[in-house]
Amino acid sequence: MSAPVNPPAGACLVDVQGLVIRYGGVAAVQGVDLRVHEGEAVAIIGPNGAGKTSLVSAIAGIVPPAAGTIERAGMPARGQALSDVVRHGIALVPEGRNIFGGLTVLENLRLGATIRRDGEILSDIDAVFGDFPILGERRDQPAGQLSGGEQQMLAIARATLSRPRLLILDEPSLGLAPAIVDKVYALLRQIRDRGVALLVVEQNAARAFALADRACVMSRGTFTLTGTPDEIRRQESFDAAYFGVAMSAGPGVP
Ligand code: ATP
C-alpha cells in the first residue's frame, strides 16, 4: 500500500514506509507502508500469521525493523527508547492484555500514567471508575481476579491513562463473548469520539469495519487491500465469507 485513502487533515501520528520485520530467516512483514492521522480509526485485518502483531509491535517500539522506516509524531523511531513511544502519544493494548494479575486494579491503572507529571491523574482514574463501576468496586483487588472482559476494559483504560493521541489495540475482541465485545467496541467508539486515533488489529473484521474509517487487509506480510470498509467489501478479491463480513451496506456486526 502507498498513499492512504482519503487522507484526513489531522497530523500524521505514525508514518511507516517499506517496513520489513524478520525473525531469523522468516520475513513476517515484507514492505508495508502505513500512515495513521490524528483522530482517525484504522483497522488491520487478516488471518493468523499474517504479520499484524509484528507490524503494530514495531510501531509500538517492541520489535525492531529489519528495513524501512517508522516515524512517530514526525520523529524517526530509530534510536528511541520505549518510554519515548508513550511520550510521543502512542499507547499499545497488546494481544493478551498484559494485565499484572498480582497487582490491584488501581495499581494497574496507575502504571498507565507513569509518564505523566500533571495533577489530574487521580481525577482521570476516578473517571475510569465512573465509566466502569466494576473496576471501581474492585480497585483494591488483584487484577487477576477480574473476568477476561473486565481485564480487557482495564487494559484499555490503563492505556488511555497515558493520554495518548493514538491507541493501538491488538485483537481486542479475542476470546471474549459477543456481549462483552459489544462493550469493548462501545468503549473504543467513546475513545475515538474524544479525538484519540485508533489502530486496531482484528480477526473479527465485521467489528473492525464497523469502527474504522479505513482498513488494510494483511496477508503473508503485506497489505493486499486497502480502503474504506465499503471499498474493501466491494473488491472482488475480498473474501467476505472468510472474514465473516456481511456484504450489505450495513457493517454486519455479528
Ligand atoms: P496472529 O493473529 O496469529 O497473532 P499475526 O497476523 O499477528 O498473527 P504475527 O504474530 O505478526 O502475525 O506473526 C507473523 C509471522 O511471524 C508468523 O509466521 C509467526 O509465526 C512469526 N513470528 C511471530 N513472532 C515471532 C517470533 N518472536 N519469533 C519467530 N517467529 C515469529
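User: Helices, of at least four residues, and strands, of at least two, are DSSP runs numbered from the N terminus. Which of these elements each supply at least two residues of the lining of the largest pocket?

Analyst: The model is predicted. The largest pocket holds about 590 Å³ of space, and among the residues closest to its centre are Val86 and Arg158. Elements that each give the lining at least two residues are α2 (82-87), β6 (90-93), α3 (105-112) and α6 (148-160).

User: How do the residues of the lining of the largest pocket divide by class?

Analyst: The lining consists of 22 residues, with Val86, Ala91, Leu92, Pro94 and Arg158 closest to the centre of the pocket. Divided by class, the lining residues are 15 nonpolar, five polar and two charged.

User: Which element gives the largest share of the lining of the second largest pocket?

Analyst: The second largest pocket has a volume of about 310 Å³. It is lined by 18 residues, and Pro65, Arg72, Ala77, Arg78 and Gly79 are nearest its centre. Two elements, β4 (67-72) and α2, each supply at least two lining residues. The largest share, five residues, belongs to β4.

User: What classes of residue make up the lining of the second largest pocket?

Analyst: The residues nearest the centre of this pocket include Pro65 and Arg72. By class, the lining is made up of 10 nonpolar, five polar and three charged residues.

User: Which helix supplies the largest share of the shell around the ligand?

Analyst: The ligand has 13 residues around it, and Gly49, Gly51, Lys52, Thr53 and Ser54 come nearest. By class, the shell has four nonpolar, six polar and three charged residues. The largest share, three residues, comes from the helix spanning residues 52-59, which is α1.

User: How many residues lie between β1 and β2 in their hairpin?

Analyst: Strands β1 (residues 12-23) and β2 (residues 26-37) run antiparallel and are joined by nine bridges. Glycine 24, in the turn, has a positive phi of about 60°. The number of residues between the two strands is two.

User: Which residue of β4 stands opposite valine 16?

Analyst: β1 and β4 run antiparallel, with five bridges joining them. In β4, the residue opposite valine 16 is isoleucine 70.

User: Which strands stand at the edges of the sheet?

Analyst: The sheet is open and has four strands in the order β2-β1-β4-β5, with antiparallel pairing. Each edge strand has a single partner strand, so one of its sides is left without a neighbour in the sheet. The strands at the edges are β2 and β5 (75-76).

How values were computed:
Residues numbered from 1 in each chain as written. Predicted model: local features only at pLDDT ≥ 70, side-chain atom pairs only at ≥ 80, totals over all residues. Heavy atoms only, no water. Near = heavy atom within 4 Å. Nonpolar A, V, L, I, M, F, W, Y, C, P; charged D, E, K, R; others polar. 1 Å grid on protein atoms, 1.4 Å probe; cavity = no way out; pocket = protein on both sides within 12 Å on 5 of 7 lines; lining within 4 Å. Points joined across faces, edges and corners; volume = space filled by probe spheres on them. Pairing = 2+ DSSP bridges.
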